[in-house]
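Please read these notes with the sequence and the model open side by side. They go through the points in order, from whole chains to single residues.

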Amino acid sequence: MFEAIVTGLIAAVAVVIIVAVGIALWNNRRTPKAGQVKAVKQLDTVGVGTSPFERHSAALSNKSGEVHVTHSGHGSVRKPADSLRSRFVALGVLAGAIFGSLTVKLYSLQVLSASDYASDAEDNLYSNVRTPAPRGYICDSQGVPIVKNRTSQTVLADPDVVDDRDVMRRLSVVLGIPASIVRQRIQDSSAGAQSKRVVASDVRLRDVAFIAEHADAFPGVSVESRAVRDYPYGALAAHLLGYTGLPSKEQLDVEVEGREILSTDYVGKSGVESTYDNLLAGDHGHRRVTVDVLGNVLDVVSETQPVKGSDVYLTVDSRVQYVADKTLAELIAPEGVLGEGTGVGGAVFVMDVTDGSVIALSSYPTFEPEQFTGSIPTDVWNLYTDELAHAPLNNRVINGLFAAASTYKSFTSIAALDYGFADFESEWNCKGYWDGFKTGSVQRCWDHSGHGKLDLHEGIVNSCDVVFYEIAKAFFDHGPDGTGEVSATAIQDVLAKYRLDQTTGIDLAGESRGRIPTPEWKADHWRDYPAEAVWRGGDYTNMIIGQGDVLVTPIEIAVAYGAIATGRIMKPHLLKEVRNAAGDVVVTYEPEVVAEPDVNPDYLSFVRSALRGVITDNASTAKNFEKYGLEAAGKSGTAEHVDKGDDAWFVAYAPYNDPKYVVSVVIEQGGGGSAIAGPIAAKVLGAAMDVYTEKSEVSPRRLAGYSGKAVEYKTQSAERTD
Amino acid sequence: MSVPQIDSIRMPDRVAMNATKPRRFTRVPVPFALVALTLIVYGLVVCWSATSNDPDFDFKRQLIGVALGLVCMVFFYRFDYRHFANMTTILLVINVVLILSPHLPIIGVEAKGAQSWIKIGMQVQPGEFAKVTVVLFAASLLARYGGTLDDAREYAKVVGLLLVPFLCIMTQPDLGTGLVYLFISAVVLVMGGAKPKYLFITLGLFVLAIVAVFAIDEVIMSNTGEYKLLKQYQRNRLLVFLSPDANTSAEGYNLAQAKIAIGSGGLFGKGLTQGTQSSLGFLPEAPTDFVFCVLAEELGFVGAMALIGLYVALVAISVGIARASDDLFGMLIVCAIVGMWLFQILENIGMCCGLMPITGIPLPFVSYGSSFMVVNFCMLGLIGSVWSHDSALGRKGSYGA
């Protein structure tokens with residue numbers, strides 16, 4: 001229909017041109033005749049009037065008087081054009097060149113390259129819009145979702161809306177947010193200078209509808225329905241789950257097979273969200289739309305729906321995790337204020353020693369991942385970065401480095417047995433102090449009154465420092481500074497077997513590795529102070545009780561104690577399985593043995609029985625563990641600091657004869673290990689065993705994140721009470 | 001001003017004119033009128049299509065322009081153009097006043113960085129209307145020399161006078177319209193019989209002047225840190241013209257979109273009002289400067305050729321009228337008008353397809369803009385006047401003889 005009209009129109013134009021040119025040619029042919037006729041007629045109309053122009057021109061012409069009419073002699077039929085024939089030719093050539101070149105150019109554009117330009121026009125017209133895909137859920141080992149999605153109506157504004165006071169006032173009224181806050185949020189460029197600014201999330205549908213209906217009154221304002229992370233249990237397992245946010249420049253630049261990250265996508269920033277980001281992220285939906293020059297969508301041509309990301313099932317049990325999180329919070333900040341409770345930070349880690357499955361991973365102070373979705377609010381950020389807040393974003397389980405204290409004694413006693421500096425019958429006498437190197441600076445046992453006579457078993461049970469000082473002295477005396485029978489790193493070699501200077505390989509980013517001090521390390525560390533760089537006897541005695549330069553992470557100690565319990569170092573892992581959007585299991589985690597330390601089984605069972613004694617032979621500790629019906633083995637530790645409170649350690653596993661779970665607890669500046677960390681270890685281990693024996697009555701509820709409130713912490717005790 | 005007057009052009013007094021009413025006065029030049037009518041209708045259809053999707057443009061204003069244009073055309077057609085012959089001085093004064101009028105305090109309007117508009121009831125561009133008076137001024141100036149201008153001093157004087165309208169328009173500034181004036185002047189110089197040697201010297205000086213402008217601009221740039229003579233957008237346009245693909249400025253975008261519009265039209269086009277480039281806003285200034293792209297996109301190569309064909313016919317018939325004219329002044333008027341159309345067509349279509357640098361010059365009979373529509377109707381009227389008063393002019397020829 002339309003084509004017909006156009007064709008008709010063009011045909012009409014063509015006919016007109018042909019007719020017109022024909023008539024013109026016809027007239028031209030007759031022109032000479034007409035001219036002659038004219039010439040005849042002209043004769044009788046000769047006569048020049050006295051027009052007003054006449055005088056003027058005559059006067060001027062008289063003045064100059066040198067202009068002549070050149071063709072005056074050539075008869076009346078002569079036209080001015082005749083003497084300028086060549087110039088008409090030039091004009092004709094010019095016109096011909098102009099129209100010719102335009103025609104050629106148009107032919108090349110419209111006929112020869114038409115298809116190229118047609119596809120360019122389509123590129124203009126059509127636009128591929130990616131629709132965001134919801135991320136997969138994160139569930140615990142029982143399949144309880146601990147991270148879900150929900151839709152949030154989000155009101156966004158272009159950055160330049162900040163210049164429009166009227167629009168900001170309207171937004172303020174509709175959303176019920178003070179105008180100053182609206183301004184502040186629009187000015188917040190933390191998500192990128194050009195990005196739209198989030199004015200409000202979780203806006204009520206009726207407010208969203210109002211804005212949509214009165215779009216004219218809200219230029220630059222748009223409403224999006226976004227799938228955002230939902231955390232039914234609040235701060236539960238915050239550190240291990242991590243949080244999501246808009247991708248950083250580096251994340252956008254990284255190319256991963258089968259993964260497309262847009263600047264508007266939410267990507268994992270830490271924790272499991274980050275480790276398994278590629279699994280959790282879905283496939284974008286594609287929508288081919290026609291757009292105008294401003295990018296307004298006019299029509300949807302085709303569409304594929306987004307595919308939700310895979311669900312990640314963790315080995316974590318939310319009940320045990322809940323107990324761990326809650327217990328830590330109640331101990332450290334009972335009223336939500338850091339510094340008013342015991343300690344300034346804490347870590348609890350529970351692992352299945354048989355396969356490395358992480359049952360709980362808790363760190364305090366904690367945060368609510370939901371607050372960190374999108375961009376981190378400035379007020380929260382300011383609170384959390386304050387020194388008194390003690391770094392809530394740090395996952396103390398994997399990157400908190402503490403002196404191992406007496407928890408080291410299990411490993412150093414294996415070294416003593418290994419090198420024969422102690423056997424099952426060796427006896428030492430503890431007077432409460434020790435000066436084996438005769439330097440005059442007396443080293444004290446934690447029990448200043450002295451333990452009296454003890455063997456190695458009692459030395460471990462009572463955590464007697466003097467026993468280990470004596471062993472250290474034996475190593476020193478037979479080392480390079482003495483007889484030279486054993487190497488300077490004899491103890492360290494045994495510690496290294498338990499990988500206390502290696503990362504455990506847990507599927508979380510940012511893991512720290514512990515430090516086993518060696519002469520080599522010390523020389524390097526103090527290279528600028530040669531006087532301090534010497535490896536002395538004091539280094540032996542410090543190291544053997546896990547003090548001095550020793551550093552470990554709670555997860556390293558737990559994994560190493562798992563190896564004492566089972567003889568195998570397992571790789572800790574959070575992933576149990578991955579299920580795709582259809583619910584099929586696509587990935588199942590296979591347990592991985594990292595190493596089997598080459599240790600005499602007799603020594604191992606000796607240490608195990610000593611660790612059992614730690615639980616049974618100390619009255620208060622025994623009571624703590626009996627309360628939960630646990631047959632546990634374990635070790636306390638109290639890491640001394642010169643300038644601040646002691647870090648309380650407790651590491652334990654249960655059941656003693658058939659180990660299932662290991663737990664490590666650290667309370668930063670909490671005080672004595674048995675008194676402070678012990679009860680927590682018992683409680684969490686009890687919760688884990690209840691789950692194992694299916695007697696658990698815990699039902700997790702929503703946990704609040706750390707508020708960020710803090711007061712200065714008064715150190716409770718500088719005295720060790722191992 | 002001292003301009004030699006030629007006694008070969010004599011005006012019949014009113015009594016004589018009334019007595020010798022031109023034979024063809026009530027008739028119309030049929031082929032010319034036919035082509036012009038078709039062109040106007042075709043242009044209006046395209047303009048309607050180009051404005052149909054753009055609320056910023058009101059097609060009714062174009063129709064008002066046509067109505068006003070018809071009135072002006074009839075006026076010029078019935079008016080004996082020879083009355084203008086000796087009004088050289090008056091025409092020059094009118095030119096200067098008209099072109100400088102946007103600088104006047106109350107009626108002058110500044111838009112897009114140029115003082116090119118006046119507001120008298122509706123907003124008009126006096127620089128456009130001045131094209132009519134520039135044509136008449138240039139033709140009347142050259143007509144005095146009877147087709148031979150070989151005196152150097154006279155030639156210099158003529159060139160100097162012809163430059164006046166150009167210099168005036170550059171105060172606005174409006175380089176596009178200024179170039180039209182220059183081209184009109186050049187055509188009149190050539191057709192008016194200026195000595196070829198002088199013409200070539202003038203051309204050489206013109207090129208030198210352009211080089212000088214750039215050179216001085218560079219000096220200014222190195223001293224003050226910014227270009228003063230040529231505006232940045234003018235530089236961009238030249239850069240885009242020289243390397244269309246490398247440039248990402250707004251001008252480069254415009255050219256790219258214009259070429260996409262033209263090229264995607266293909267042989268038969270996408271159909272009236274169906275052009276995606278123009279109707280969805282990818283094509284900037286679609287109804288005005290880039291209206292040809294709308295035509296080419298919607299009606300294709302065939303439609304574009306139809307327009308070119310109509311222009312060819314219009315130019316051919318006009319040149320025929322010029323050649324047939326017994327009067328040098330009339331011939332020069334028609335040639336000047338033809339020159340103006342040729343230049344505007346070349347520049348407008350040329351810039352759309354990348355043959356010429358971008359300048360804001362409208363396409364005759366098609367571009368949206370009532371001022372230029374009225375001007376084109378005046379031009380048609382003038383040509384008709386030359387044609388219709390042709391027979392009466394024999395007297396002049398005989399007078400000269």
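1. Thr273(B) is partly exposed, because its relative accessibility is 21%; buried means under 20% relative accessible area, exposed over 50%, and partly exposed in between, with a 1.4 Å probe and protein chains only. Thr273(B) sits in the loop between helix H10 (250-265) and helix H11 (276-279) of chain B. Its phi is near 65°, a positive value in a residue other than glycine. Most residues other than glycine have a negative phi, and most peptide bonds are trans.

2. On conventions: this is a predicted model, in which local features need pLDDT of at least 70 and side-chain atom pairs count only at pLDDT 80 or more, while totals for chains, interfaces and linings use all residues. Residues are numbered from 1 along each chain as its sequence is written, chains are lettered from A and ligands numbered from 1 in the order in which they are written, and side-chain values use heavy atoms, with hydrogens and water left out.

3. Chain A has 24 helices and 23 strands, and chain B has 15 helices and three strands. Helices (H or I, at least four residues) and strands (E, at least two) are DSSP runs, numbered from the N terminus. In chain A, 49% of the 722 residues are buried; in chain B, 61% of the 401 residues are buried.

4. What share of the contacts in chain A with a separation of 6 or more comes from residues 24 or more positions apart? The share is 72% in chain A and 74% in chain B. Contact means heavy atoms within 4.5 Å.

5. The accessible area of chain A is about 33,000 Å², with 50% supplied by carbon and sulfur atoms. For chain B the area is about 14,800 Å², and carbon and sulfur atoms supply 68% of it. These areas come from the Shrake-Rupley method with a 1.4 Å probe; for residues, only the protein chains shown count as cover.

6. Helix H7 (residues 205-213) of chain A has three buried residues listed by name: Asp207(A), Val208(A) and Ile211(A). They lie on the same side of H7(A), because they cover an arc of only 100° around the axis; the arc is that of the directions from the helix axis to the C-beta atoms. An α-helix has 3.6 residues a turn, so residues three or four places apart point the same way. Leu205(A), Arg206(A), Ala212(A) and Glu213(A) are exposed on the other side of H7(A). The buried residues of H7(A) pack against strand S3 (145-157), helix H5 (165-175) and strand S5 (221-230) of chain A.

7. At what angle do the axes of helix H22 (residues 601-617) and helix H23 (residues 619-626) of chain A cross? They cross at roughly 90° and come within 5 Å. The two helices H22(A) and H23(A) are therefore roughly perpendicular. Val614(A), Ile615(A), Thr616(A) and Asp617(A) of H22(A) make the contact with Ala619(A), Thr621(A), Ala622(A) and Phe625(A) of H23(A). Axes are lines fitted to C-alpha atoms, for helices over the stretch in contact, and angles run from 0 to 180 degrees between N-to-C directions. Angles under 35 degrees count as roughly parallel, over 145 as roughly antiparallel, 65 to 115 as roughly perpendicular and the rest as oblique.

8. Two peptide bonds in chain A deserve a look. The bond from Tyr364(A) to Pro365(A) is cis, with omega near 0°, and Pro365(A) is in the loop between strand S12 (358-364) and helix H13 (378-385). The bond joining Ala654(A) and Pro655(A) is cis too, with omega about -10°; Pro655(A) is in the loop between strands S22 (647-654) and S23 (661-668).

9. Leu314(B) belongs to helix H12 (residues 291-324) of chain B and is buried, with a relative accessible area of 2%. Leu314(B) and Leu34(B) are 280 residues apart in sequence, yet 9.4 Å apart in space, C-alpha to C-alpha. Not counting residues up to four places away in sequence, Leu314(B) touches Phe32(B), Val35(B), Leu39(B), Trp341(B), Phe365(B) and Leu380(B).
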